[in-house]
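Reader: I would like a close look at one part of this protein, with the terms spelled out. Please keep it plain.

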Amino acid sequence: MSLKINLIKVRSTFEINFYTGSIRLGDLLNAFDVPIYRPQASKITGIGNGYQREPKPSRVSDVAKRITTLVPGAGVPNKEAFVDNINLNIRNLDAESFVKPLHKNANGFGDIFQFEYTEAMGKFMVVDGQTRLKGAALAIFLAKQEKNIELVRDIEDIRVQVTLTFCKDEFKEAYVFYLINHYSKAIPPDGATRLLFEGMKNGKIRFINEVTRAGKNKEVEAMKVAEKLSTDSEIWAGFIKDFNETGPEKISIRAICKIIQPLYQKVNDSKSDEIQADTAVYEIVEAFWKGFKSAYPEMFDINSISQYNVLKAGPAEIMMKVLLKIFILKSSGAAIGDIKESAVFKRLLKSVLDKTIDTNPLGDKVSGAKLFLIGKKGSMGKYSNNAAKNDMAKVINERLFEHLNLPIA
C-alpha cells in the first residue's frame, strides 16, 4: 500500500514538525493503530503497549449510527463525526524525508508538501480520534454484512482532515496526547443544553436533528419554561444562572430544566387544547411557587431568604416532585382546585408542610418553614442524592394524601 498525501507544514513544537492534510478514510482505516494502555504490562512503551484507554463500545456504536443514519438536511454517509482533525503520528523519523515541497524552494511553514507513504514506514498511530475511526470501521463492517457495497464505498471515500507528525519517541507522542486532552474539555452540560435550545428555537435543522438523536427533546423543550422563569417569574427571576454566568447562590438553568422535565412530560402528554405545553407548565409552576411564598413568606423575604435553602437545587427538586404528584392527583380527579391559582397551593402547602415532621442533624424535630433552614437547623439539606430526595418527596406526598383523605399510595 502506498499513498500520496498533500500536507501543509504548520509549526514546530518540541523539535517535532506538525503538518495538516486530508486523507481518504478508507486508506487510513487500512493503516492505523491505537496505542492502548495494557495494565498487565505496566508501561506505555513497546509493541502492543500505549497510553490510551479503550473506547466505550456504546460510543463507537453511536459514531457508526451517526454515519449511517439518514436525517433531514444531511445525506448518508453522514460526515459530521469528522468535523474535527484526527491526530496521527508515524514512529519513523526517516519517513519525514519523503515529505517533499510541492514547489521548489517553498519549504517553510505554510507551504505545501507531498508525502509519499508506504507500509514499510509503519502504521499511522492515532494520538487522538480513535473512537471516530473505530466507529467508521464498525459502520463499514455493518454495511458489508448487509451487502450494501455502495455504502461501504461511500464511507471509505470520506475525506478526513488530519494533523500528522513524525516522532519515534513514544513519550513525546504520549505528551502530545496529554496536551490535547488536558487543555481540551467537553462542553459543560449547561452550555450544551443552551446551544441545543438556541439552535432548535431558531429552526436550525442540524440542531433539531441533534436534539432528537441525543434524546434531549424534553430537556430542551423544558428550557422554554426555565428561561421564562429566569426572566419573568415573581419567585425565580434573579435566582437562576445561565451558562457562563457566575453566582454561587443561584441554581443553574439546566438544573431547572431537569427538575421541570417530569412535570413537562406529564402536562404535554395530557394536553388536549391548543395551549402550548410550555405555557401551561409555566403557569402551573409559577402558581405553585407563588402559593409557596404566600404560605411561608419568611422563606422568600429579601431580609431573611439567606437563612433558607428553598431555592437551592436539592430542596427545589424535592418540592417539584411534590408538584408532580399534585398534578397527577388533579388529573386523576382529586378535589384540589385550579392548579393555576396560587391560592390553591397556599392552602395546600401550608397544611401539608406544617404536618411534615422531620429530624434535623441536631436531633430536633422540624416542620413547615423550619424544614428549609440552612445548615444543621433544617433538614432538607441532608437529602442530597437522588434516592434521598425521592424519599423526602415521598414523606411529603404521604402528608398530601392524608390531607386529601386519599389512601396512601
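What covers the buried residues of α8?

Author: This is a predicted model, in which local features need pLDDT of at least 70, side-chain atom pairs count only at pLDDT 80 or more, and totals for chains, interfaces and linings use all residues. Residues are numbered from 1 along each chain as its sequence is written, and side-chain values use heavy atoms, with hydrogens and water left out.

The cover over the buried residues of α8 includes α6 (189-201), α7 (205-213), β9 (240-241), α9 (253-270) and α10 (277-295). Helices (H or I, at least four residues) and strands (E, at least two) are DSSP runs, numbered from the N terminus. Contact means heavy atoms within 4.5 Å. The residues being covered are E219, V220, E221, A222, M223, V225, A226 and L229; buried means under 20% relative accessible area, with a 1.4 Å probe and protein chains only.

Helix α8 itself runs over residues 217-232, 16 residues in all, and reaches 23 Å from its first C-alpha to its last, close to the 22 Å expected at 1.5 Å a residue. That expected span is 1.5 Å times one less than the number of residues. At K224, α8 bends by about 25°, the angle between axes fitted to the seven residues ending there and the seven starting there.

One of the covering helices, α10, also packs on α11, at an angle of about 115° with the axes 11 Å apart. I284, V285, F288, W289 and F292 of α10 make this contact with A316, M319, M320, L323, I326 and F327 of α11. Axes here are lines fitted to C-alpha atoms over the stretch in contact, and angles run from 0 to 180 degrees between N-to-C directions.

Definitions and conventions:
Buried < 20%, exposed > 50% of the residue type's maximum accessible area, 1.4 Å probe, protein only.
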